Amino acid sequence: MKYSIVFAAVLTTLALSGCEKPTVVNNNPPVAVVTTPGPPGPTGATGATGATGAQAEKGATGQTGATGGTGATGNTGDTGATGNTGFTGATGNTGNTGATGNTGATGSTGTEGAQGERGKSGNTVVVVPGSR
């Protein structure tokens with residue numbers, strides 16, 4: 001297959017060179033009266049189809065390319081939503097009873113009261129409760 005293209009080219013050259021080529025003669029014709037040509041003649045026959053070219057060989061596989069560069073860092077994400085308010089905590093225990101306070105100071109002695117009347121003798125007092 002390495003020489004198939006070269007072989008096809010040489011074969012085509014030999015095939016085409018085998019055709020007879022007419023000799024070109026340059027005659028200077030005498031000046032003549034130019035007449036208007038008539039209608040064109042019929043179209044000539046179609047030429048033969050050329051030979052099919054040889055199949056090309058498959059080339060070797062290329063080397064693996066270099067690894068690409070690292071991509072750019074992405075944008076920072078949006079801030080998350082604020083969380084819900086937490087539940088109220090449990091009520092704490094009641095504190096201990098405080099210590100007993102000191103005894104207060106003794107007050108001053110009051111002034112002496114008025115002297116009552118001397119009692120009368122001989123009369124008995126009866127207290128009757130009120131009716132309802």
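The model is a predicted one, in which local features need pLDDT of at least 70 and side-chain atom pairs count only at pLDDT 80 or more, while totals for chains, interfaces and linings use all residues. Residues are numbered from 1 along each chain as its sequence is written, and side-chain values use heavy atoms, with hydrogens and water left out.

I begin with the chain as a whole. It has one helix and zero strands; these are DSSP runs, H or I of at least four residues for helices and E of at least two for strands, numbered from the N terminus. Of the 132 residues, 1% are buried, where buried means under 20% relative accessible area, exposed over 50%, and partly exposed in between, with a 1.4 Å probe and protein chains only. The chain exposes about 14,500 Å², and 54% of that comes from carbon and sulfur atoms; the areas follow the Shrake-Rupley method with a 1.4 Å probe, and for residues only the protein chains shown count as cover.

I turn now to the helix. H1 contains 14 residues and spans 20 Å from first C-alpha to last, close to the 20 Å expected at 1.5 Å a residue, the expectation being 1.5 Å times one less than the number of residues. One of the 14 residues of H1 is buried, so the helix lies largely in the open.

Two residues illustrate this. Ser4 lies in H1 and is buried, at a relative accessible area of 15%. Beyond its neighbours within four places in sequence, Ser4 is in contact (heavy atoms within 4.5 Å) with Ala54 and Gln55. Leu14, also found in H1, is exposed at 57%.
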